[in-house]
Amino acid sequence: MFESLSDRLSGVFDRLTKQGALSEDDVKTALREVRVALLEADVSLPVARDFVKSVQEAATGQAVTKSVTPGQQVVKIVHDELVNVLTGEGEPGALKIDSPPAPILMVGLQGGGKTTTTGKLAKRLKEVNGKRVLMASLDVNRPAAMEQLAILGTQIGVDTLPIVAGQRPVDIARRAKQQATMGGYDVYMLDTAGRLSIDEELMAEVEAVRDVTNPRETLLVVDGLTGQDAVHTAENFDSRIGISGVILTRMDGDGRGGAALSMRAVTGKPIKYVGLGEKLDALEEFHPERIAGRILG
Ligand code: GDP
């Protein structure tokens, strides 16, 4: 079990009797604990270092408020700074889906939860935003994945593009665009193929699909439990394809959510949603406060 950061800091400050202002030594001692807690929460080392530096600046010399203990005060400073880093621009969860039919490109590695998340998001767009959605699978190498999306579509009452054998992903993307235009859909979602790791063929394929559809949103779906790997995946997809946001899945797992902090700090891209389970309504808008609380423990 993790020892929560709040507990660690209280422990540190119980041993200190300084009053008035937080001294540099107090802050240093506390920051060591903060760094360890961040690393345990799976935040990457450079991000943890930068983070600790900015907390140090915020904390040094700050007067200790009468109503709180120094430990609580540092926890608050850390919490506020976490929220600060985790908060992107714009509304959490807001997608650019005006000017129908708006294409949404779903990208990511195999097993990250891309197809399930495509279904979850389609359901949400339909039920919460009242949009007519068309989904298409471009995973031509895995017929089972195409079937999976069709089954999801039936479950949530969202249309899927009929499967035509032998088409290339770009052809399917063109067909989806055409059908979405002719059929009066508000949004069409393209579930691209995943691979076990990033390879040239995958990137070239996604790039070609991007170029024929000009997506309004390119959302990277990535397993939030994979920590540093998730961040590398995001950097790779962003530099090659250009992503507009991230959806972190498996945030119902027992990870501490540190990937969210690293992801924001390294890519600068907003985390739009988090996946919280296998069920099709287990998708939530990203709340920086909740993840901050989870990292703090
Ligand atoms: P893809 O290969 O990226 O398309 O991955 P899938 O959508 O097929 O998902 C792989 C597995 O992860 C499935 O068993 C999903 O039910 C599961 N999954 C997806 N998102 C979540 C999530 O947020 N939480 C949990 N616990 N499981 C998820």
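Arginine 142 comes out as partly exposed, at 31% relative accessibility. Here buried means under 20% relative accessible area, exposed over 50%, and partly exposed in between, with a 1.4 Å probe and protein chains only. The side chain of arginine 142 meets that of aspartate 139 in a salt bridge, 3.1 Å from N to O. The term salt bridge covers a side-chain nitrogen of Lys or Arg within 4 Å of a carboxyl oxygen of Asp or Glu. Aspartate 139 counts as buried, at 4% relative accessibility.

A word on the source. This is a predicted model, where local features need pLDDT of at least 70 and side-chain atom pairs count only at pLDDT 80 or more, while totals for chains, interfaces and linings use all residues. Residues are numbered from 1 along each chain as its sequence is written, and side-chain values use heavy atoms, with hydrogens and water left out.

Back to charges. Side chains of opposite charge can pair when their charged atoms come close. How many salt bridges does a search of the whole structure find? The search finds 18.

Take lysine 76 and aspartate 80. Their side chains form a salt bridge, 2.5 Å from N to O. They sit four residues apart in helix α4, so about one helical turn separates them. Helices are DSSP runs of H or I with at least four residues, strands are runs of E with at least two, and both are numbered from the N terminus. Lysine 76 is partly exposed at 49% relative accessible area. Aspartate 80 is partly exposed too, at 37%.

Next, helix α5, residues 114–127. Lysine 123 and glutamate 127 form a salt bridge there, with the closest N and O atoms 3.2 Å apart. Lysine 123 is buried, at 18% relative accessible area.

Then there is a network. Salt bridges link Arg195, Asp199, Glu201 and Glu205.

Now rings. Which residue lies over the face of tyrosine 185? Arginine 132 does, at 4.2 Å from the ring centre. The criterion for a charge over a ring is NZ of Lys or CZ of Arg within 6 Å of the ring centre and within 35 degrees of the ring normal. Aromatic pairs number zero in this structure. A pair would need rings of Phe, Tyr or Trp (its six-membered ring) with centres within 6.5 Å. Planes under 30 degrees apart would count as stacked, over 60 as edge-to-face and the rest as tilted.

On to the backbone. Most residues other than glycine have a negative phi, and most peptide bonds are trans. The bond from proline 100 to proline 101 is cis, with omega near -5 degrees. Proline 101 lies in the loop between α4 (70–86) and β1 (102–107). Serine 99 is in the loop between α4 and β1 as well. Its phi is positive, about 45 degrees, although serine 99 is not a glycine. Serine 99 is partly exposed, at 48% relative accessible area.

Asparagine 214 also has a positive phi, about 50 degrees, without being a glycine. Its loop runs between α8 (200–213) and β5 (217–223). Asparagine 214 is exposed, at 60% relative accessibility.

Last, threonine 233, in helix α9 (residues 228–240). Is threonine 233 buried or exposed? Buried, at 9% relative accessibility. Setting aside residues up to four places away in sequence, threonine 233 touches Leu109, Ile198, Leu220 and Val222. A contact here means heavy atoms within 4.5 Å. A polar atom of the threonine 233 side chain lies 2.8 Å from the backbone oxygen of aspartate 229.

Key:
A polar contact is a pair of N or O atoms within 3.5 Å; within protein, one must be able to donate a hydrogen and the other to accept it, and residues adjacent in sequence count only if both atoms are side-chain atoms.
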